[in-house]
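Please walk me through this structure in the viewer, one selection after another. Tell me what to pick next and what is found there.

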Amino acid sequence: MTETQDTTKNGLKEGDAAPDFSMEASGGRTVSLAALKGKPFVLYFYPKADTPGCTKEACGFSEALGQFEGAGLSVIGVSRDPVKKLDKFAEKYDLTFPLASDEAGSVTEAYGVWVEKSLYGKAYMGIDRTTFLIGADGKIARIWKKVKVPGHVEAVLEAAQAL
């Protein structure tokens, strides 16, 4: 089971209002906090479309989409990939939920998931795999940081069904 943590790098914590966003998404869609007002949803941030961990995570959410929708929740994936790449990713794996593009980085910054990472001793900036469960009241109900993909979707679904 994935543990939750109360705060993100920028100080967001459970109970805080979700930062505002509006982004272009796969399939010619736009996703925004305003459009989701009064509805609970899952907003998950992943580093890069069509990479092994991100594909497993997206396919996991896709397989459980009916259960999330049955519980009254939408699922939105967010990366800094351009929409064109997200469309190809969605098409390749038959992902029907929106994959939003935060190319400018304002949303990843607002949610505190754009962090310094390290690979083979080299520091670089990237997205920290993080999931937010946002309640119908627009407040952050749960935060999962440094997500490990196995078992994560199940943990999010369990929390979502308890909302």
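Is R129 buried or exposed? R129 counts as buried, at 14% relative accessibility; buried means under 20% relative accessible area, exposed over 50%, and partly exposed in between (1.4 Å probe, protein chains only). The model is a predicted one, in which local features need pLDDT of at least 70 and side-chain atom pairs count only at pLDDT 80 or more, while totals for chains, interfaces and linings use all residues. Residues are numbered from 1 along each chain as its sequence is written, and side-chain values use heavy atoms, with hydrogens and water left out.

**Whole chain**

Start with the cartoon. Five helices and nine strands make up the protein, in the order β-β-β-α-α-β-α-β-α-β-β-β-β-α along the sequence. These elements are DSSP runs numbered from the N terminus: helices are H or I with at least four residues, strands E with at least two. The radius of gyration is 14 Å, close to the 15 Å that the globule rule gives for 163 residues, so the protein is as compact as a globular protein of that length. That radius is taken over C-alpha atoms, and the rule is 2.2 Å times the number of residues to the power 0.38. Along the principal axes, the C-alpha atoms fill a box of roughly 40 × 35 × 30 Å. Of the 163 residues, 48% count as buried.

**Salt bridges**

Seven salt bridges are found in the whole structure, each a side-chain nitrogen of Lys or Arg within 4 Å of a carboxyl oxygen of Asp or Glu.

Select R129 and E57. They form a salt bridge, with the closest N and O atoms 2.7 Å apart. R129 is in the loop between β7 (122–127) and β8 (130–134), E57 is in helix α1, and 72 residues separate them. E57 is buried, with a relative accessible area of 1%.

Next, pick D128 and K146. Their closest N and O atoms are 3.7 Å apart in a salt bridge. D128 belongs to the loop between β7 and β8, and K146 to the loop between β9 (140–144) and α5 (152–161). D128 counts as buried at 8% relative accessibility, whereas K146 counts as exposed at 57%.

Then go to D50 and K92, whose side chains meet in a salt bridge (3.1 Å, N to O). This pair links the loop between β3 and α1 with helix α3, 42 residues apart. D50 is partly exposed at 34% relative accessibility, and K92 is exposed, with a relative accessible area of 53%.

**Aromatic rings**

Now show the aromatic side chains. The whole structure has ten aromatic pairs. Rings of Phe, Tyr and Trp (its six-membered ring) pair if their centres lie within 6.5 Å; planes under 30 degrees apart count as stacked, over 60 as edge-to-face and the rest as tilted.

Select F21 and F41. Their ring centres are 6.1 Å apart and their planes at 70°, so the pair is edge-to-face. F21 lies in the segment before β1 (22–25) and F41 in strand β3 (residues 41–45), so the pair ties together parts 20 residues apart in sequence. F21 counts as buried at 4% relative accessibility, and F41 counts as buried at 1%.

Move to Y46 and F89, with ring centres 6.4 Å apart and planes at 45°, so this pair is tilted. Y46 and F89 are both buried.

Finish at W114. R80 lies over the face of this ring, at 3.5 Å from the ring centre; a charge sits over a ring if NZ of Lys or CZ of Arg is within 6 Å of the ring centre and within 35 degrees of the ring normal.
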